[in-house]
Amino acid sequence: MRAVVYRGPYDVEVAKKKDPAIEHPADAILQVTRAAICGSDLHLLHGLVPDTRVGSTFGHEFTGIVEEVGPAVRALKKGDRVVVPFNIACGACFYCSRNLTACCENSNPNSDVVGGCFGYSHTTGGYDGGQAQYVRVPYADVGPMKIPDDMEDEQVLFLSDILPTGYQAAEMGEIKGGEVVVVFGAGPVGLFTAKSAWLLGAGRVIVVDHVEYRLDFARRYAGVETVNFKKVDDIVMYLKEICGGRGPDVCVDAVGMEAEGSTPHRLLGLKLKMEAGAATVIGWCIDTVRKGGNVSIIGVYGPPWNFVPVGTAMNKGLTLRMNQCNVKRYMPHLLKHIREGRIDAKAIITHRFPLRQAKEAYRIFSDKRDGCVKCVLLPQA
Ligand SMILES: [Zn+2]
Ligand SMILES: [Zn+2]
């Protein structure tokens with residue numbers, strides 16, 4: 001088959017690779033029909049995720065058609081169309097039985113920090129991802145959700161990650177009604193966080209970024225106010241000021257480890273690797289949110305240390321919540337939102353490429369060129 005293959009920092013190519021095979025009775029093999037490129041794939045591309053091995057295939061947001069199932073698989077059969085959560089979860093362990101599928105203790109037993117994920121380095125288990133013509137799906141009875149016959153793949157593709165991820169980010173903000181919510185990051189997860197904040201009853205939603213076309217898109221797509229942090233003197237003071245002097249009730253970090261906006265963090269986190277990425281936005285969230293408010297961290301950070309102003313958070317009495325998204329538990333609910341027209345997830349796709357042009361797709365997405373919000377690869381084109 002053909003697959004996106006990592007060659008080293010800033011370098012992917014499409015190459016021939018051995019077809020995946022059933023390795024365990026509970027596996028399925030999918031023919032991939034759509035595979036999105038995620039903002040978090042850029043952290044891999046940029047060499048920031050430990051143990052990203054040359055030759056591995058990225059891709060944790062995909063739909064496919066079941067090609068083959070192992071003898072233990074009961075819920076799927078050849079020909080079923082499915083969307084697959086990015087978390088690989090056993091469905092039976094201590095964490096899975098508590099709906100914390102991102103923390104599964106069987107899918108990545110080498111780590112006590114993170115569960116298994118598709119296409120996300122050996123830190124998360126070394127599973128090949130779906131930016132390929134075929135992919136192996138472990139625990140096939142657990143993760144995949146069948147796509148309703150009357151729905152297209154692209155309508156539900158983002159149930160694999162970014163829609164549930166954005167929703168969980170808003171949910172961790174504990175929005176009960178009327179809150180002022182600031183979302184840092186106007187990428188796909190930020191957009192879905194903003195949409196979800198409205199659905200949960202927020203009174204005001206403000207999205208912060210520094211790329212104008214992304215802020216334009218956020219205003220159109222999610223009906224939010226926007227702020228370009230490069231156009232104000234001090235983003236923290238500015239946000240406090242426009243939020244009644246005290247600051248917003250909820251701040252969401254939908255940016256993660258490659259944040260712009262702080263030279264010291266970029267130097268320490270991205271150049272010298274003295275902290276695990278630039279924790280700029282966590283600091284902004286803690287400083288901006290009102291006392292007693294909620295900070296929700298959904299942007300990706302690596303497991304080791306960061307320079308985070310924990311004393312400020314402690315003295316302000318903040319609630320900090322965070323996790324990789326536990327995708328599975330949100331799928332049915334968000335499918336309903338899509339089906340009933342409250343969220344048009346497909347509408348954030350700005351670019352589609354055949355798999356063979358993956359290198360170009362990564363470049364456009366990574367450079368934030370050409371109005372790119374979300375890129376989808378078509379492996380069968
Ligand atoms: Zn993703
Ligand atoms: Zn588990």
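Tutor: A residue is buried if 20 or more other C-beta atoms lie within 10 Å of its own, exposed if 12 or fewer, and partly exposed in between, with C-beta atoms placed from the backbone. The model is predicted, so local features need pLDDT of at least 70 and side-chain atom pairs pLDDT 80 or more, whereas totals for chains, interfaces and linings use all residues. Residues are numbered from 1 along each chain as its sequence is written, and chains are lettered from A and ligands numbered from 1 in the order in which they are written.

Student: Why does S121 count as buried?

Tutor: S121 has 22 C-beta neighbours inside 10 Å, so it counts as buried. It lies in the loop between β7 (116–117) and β8 (134–137); helices (H or I, at least four residues) and strands (E, at least two) are DSSP runs, numbered from the N terminus. Phi of S121 is near 75 degrees, a positive value in a residue other than glycine.

Student: What makes D51 count as exposed?

Tutor: D51 has 11 C-beta neighbours inside 10 Å, so it counts as exposed. D51 belongs to the loop between α1 (39–45) and β4 (62–69). Its phi is also positive, near 60 degrees, and D51 is not glycine.

Student: Why is C93 called partly exposed?

Tutor: The count for C93 is 17 C-beta neighbours inside 10 Å, so C93 is partly exposed. C93 sits in the loop between β6 (87–88) and β7.

Student: Which residues is C93 in contact with, leaving aside its neighbours within four places in sequence?

Tutor: They are C104, E105 and N106, where contact requires C-beta atoms, placed from the backbone, within 7 Å. By comparison, the C-alpha atoms of C93 and E260, 167 residues apart along the chain, are separated by 38 Å.

Student: And what makes M237 count as partly exposed?

Tutor: M237 has 13 C-beta neighbours inside 10 Å, so it counts as partly exposed. This residue is part of helix α6 (residues 235–242). Its C-alpha atom is separated by 22 Å from that of A202, 35 residues apart along the chain.

Student: How do you know that β11 is joined to β12?

Tutor: Two strands pair if DSSP finds at least two bridges between them. Four bridges join β11 (residues 204–209) to β12, and the two run parallel. D209 stands opposite N228 in β12.

Student: In what order do the six strands form the open sheet?

Tutor: The order is β12-β11-β10-β13-β14-β15, with parallel pairing. β12 (225–228) and β15 (319–322) are the edge strands, as each pairs on one side only. Neighbouring strands are turned by 20 degrees against each other on average, direction ignored; axes are lines fitted to C-alpha atoms, for helices over the stretch in contact, and angles run from 0 to 180 degrees between N-to-C directions. Helix α4 (residues 188–199) packs on this sheet and touches β10 (180–184), β11 and β13 (250–253). Its direction makes about 170 degrees with that of β11.

Student: How is the chain divided into domains?

Tutor: Domain 1 is 2–161 + 326–378 and domain 2 is 162–322; the bounds come from an automatic or database domain assignment. Their centres, taken over C-alpha atoms, are separated by 25 Å.

Student: How many residues of domain 1 are in contact with domain 2?

Tutor: 29 residues of domain 1 are in contact with 23 residues of domain 2. On the side of domain 1 that touches domain 2, α1 and α10 (331–339) are the elements that give two or more residues. α1 gives the most, with four residues.

Technical notes
Contact = placed C-beta atoms within 7 Å.
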